[in-house]
Amino acid sequence: MLLCDFHIHTKYSDGSVELRRTVDLFGQAGFDVISITDHVVNGDNTFGKLAHRFKFSVKKDNFNKYISEINREAERAWEKYGMLIIPGVEITKNYLSPDKSAHILIIDIKEFIPACWDYEKIFLEAKEQDALIIACHPHHTSDMTNRDTLFLWNNREKYARYIDAWEIANRDDVFNVISLKKYPYIANSDFHRARHIYSWKTLLDCEKNTESVKQCIRNNRGVAITLFRN
Amino acid sequence: MGILTIMIFFIVVLGLIGYFLQVWSIRKILITSAEQRINRRDGNFERLPGISVLKPLKGLDDNLFDNLESMCNQDYPEYEIIFSLQDYNDPAFKVAEKIKEKYPEKKITLLVEKCCAGLNPKVNNLIPAYRIAKYDYILISDSNVMVSKNYLREIIRPFDDPGTGLVTNLIKGTGGYTLGSIFENLHLNSFVIGSVCFLDRFLKMPCVVGKSMLMKKKDIEAIGGLESVKDMLAEDYILGKKIYNLGKKVVLSNHIIKNVNNYWGLRQFLNRHTRWGKLRWHIGGIKYLSELLSNSVFLSIFPVIFSPSLITISFALFVCTLKVIGDIHIGRTIKTDMNMFLFLLAPIKDVLIGLTWFIPLLSNKVLWRGNRYIIMNDSQLIPCPEKGIFYYTYRFVNTIKTRFA
């Protein structure tokens, strides 16, 4: 089984560990597949403008640099640790109300997708790029410092068909509603700090390459979750 | 200025003298060793003997992959590596498996065997690995050390003297992205390395660092095998002592190994040094007092607190400055990769260490790798009772901690 984490932030957005060190941290811990998913924040409200102002967001200007640095690290990680790195982003639509907010992982992204687009347009563009679409922390979380992002769950009837998998567990939280609805699932760390490596993870029973990993998650067969602890 | 303040000044000056003797002993050991290294490459061996490297693994250490990999890249003709774990669920299993896959040409054994021979989990991990080791020389190497290519060549050399029984190494702390790991590295690169060199050079005491111990199988058998230290917290010290009592030499090798500490929290740093303090208190007894007396920075703070004046403040600043300069000098001698500005944190670290010094006097219980023990003389472990006042106090405190986590 491949030990995987598909939700990792670096200093490209609000993570506290630089990209290279993040890769080393996961490589040294024996991970097989990771995805770097820094925030792309909507810039159409005050939250978003602040995120852009304080460089907590990947923007169109630095997207290519971001992807090329991930690709460079991916080569190094493959050579040194035998670890596969897939580039991604976390589309971050933050609003004052948790009911309107949503975070979406786009894994294996190729072209920049602005977070201020409407949901349908984002999903269709991600599909066009053959990227995976994951709904992040879709229900109430225990983290007091983060706001809940409930929009996708509240509108699941409309959007579930676009979503390849839902986070059934995020860092320390488990969302039993995903299980009750029998939605496809994965589990991630939502890594921002080094200690977040010890959290929920996904185990996949597939080949170690991007296409197999995406297929495995889409089919949601041979997927398990594990609590990675030291 | 009171008599007490003058006495503290006097003790601080004595402590500083002791500290600079440590600095001198580090230089002396490293320079002498470097000269020996130039004179003899492989010692007097006709053919370098095979070595079984036992790597007990438990959990993820910082830099684990590189640490294990560094052992696979040795410039040494014949050696085997045995990665030994207690269960498959240990996260280190995956890393060891990856290393084995990456180096198929190396003699690597991945051994998973539950062993409950004693109370020391490291020794429990080592016993099954020792059983399958095939060479006459046994190297016990901790999972948190990174070694250079010539490590095995360097540490085997003292065995060209038939009187040698155990070879151990100096360690230096490297890395450090968090405050806890910076403190840890500062402490390893001043107090720990200084004390080991001082004991070796001046007191001729067999001071063994458990992170790297090379011994002959027949000597291990002669002292009763690894089982003889299965219930000891300081298994390294006791192994050294037993081998020394056999009439064999315990040699401090010239080769410095790296202990990479990148992401330690402050609590982890304090826990480790409280545990080590308890261990030294139970081994050294009254000699443990010398650690407090040699902590000049910590002692120099007392006159500032109880009799603040320009003289006491200036004296404390002077002591801190000398300590920082001394630590930087040691850092340069051992070629540490730490940023020199980080040495300015050394006085804060010394104050914290000074505070933890008192804990062993009040408590003889240790929490080690999830298990609670009571330490007795010579670091003998006994399980913490599951009933009685100790147990209920622990349960009570633990319940509160869990509630507020």
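Mentor: Start with the residues that meet. From α6(B), L186(B), N189(B), S190(B), I193(B) and G194(B) touch D327(B), I330(B) and G331(B) of α12(B). By class, this contact divides into three nonpolar residues, four polar and one charged. Keep in mind that the model is predicted.

Now the geometry. Two packed helices are described by the angle between their axes and the distance between the axes. Here the axes of α6(B) and α12(B) come within 10 Å. They cross at roughly 90°. The range for roughly perpendicular is 65 to 115 degrees, so α6(B) counts as roughly perpendicular to α12(B).

Next, follow I330(B), one of the α12(B) residues in the contact. R27(B) belongs to helix α1 of chain B, residues 3-39. The cut-offs are 20 or more for buried and 12 or fewer for exposed.

Helix α13 of chain B spans residues 346-356. Its buried residues are A346(B), P347(B), K349(B), D350(B) and I353(B). Why do they sit on the same side of α13(B)? Because they cover an arc of only 155° around the axis.

Step back to the core. The largest nonpolar core holds 162 residues. Helix α6 of chain B, residues 179-201, gives the largest share of this core, eight residues. I106(A), I134(A) and L54(B) touch the most other members. For I106(A), contacts beyond its neighbours within four places in sequence include G88(A), V89(A), I91(A) and I113(A). A126(A), A131(A) and I133(A) are also in contact with I106(A).

Last, the two chains. In the contact between them, 10 residues of chain A touch 12 residues of chain B. The chain A side divides into five nonpolar residues, five polar and no charged.

Technical notes
Residues are numbered from 1 along each chain as its sequence is written. Chains are lettered from A and ligands numbered from 1 in the order in which they are written. This is a predicted model: local features need pLDDT of at least 70, side-chain atom pairs count only at pLDDT 80 or more; totals for chains, interfaces and linings use all residues. A nonpolar core is a set of buried Ala, Val, Leu, Ile, Met, Phe, Trp, Tyr and Cys residues joined through C-beta atoms within 7 Å. A residue is buried if 20 or more other C-beta atoms lie within 10 Å of its own, exposed if 12 or fewer, and partly exposed in between; C-beta atoms are placed from the backbone. Helices (H or I, at least four residues) and strands (E, at least two) are DSSP runs, numbered from the N terminus. Two residues are in contact if their C-beta atoms, placed from the backbone, lie within 7 Å. The arc is that of the directions from the helix axis to the C-beta atoms. Ala, Val, Leu, Ile, Met, Phe, Trp, Tyr, Cys and Pro count as nonpolar, Asp, Glu, Lys and Arg as charged, and the others, Gly among them, as polar. Axes are lines fitted to C-alpha atoms, for helices over the stretch in contact, and angles run from 0 to 180 degrees between N-to-C directions. Angles under 35 degrees count as roughly parallel, over 145 as roughly antiparallel, 65 to 115 as roughly perpendicular and the rest as oblique.
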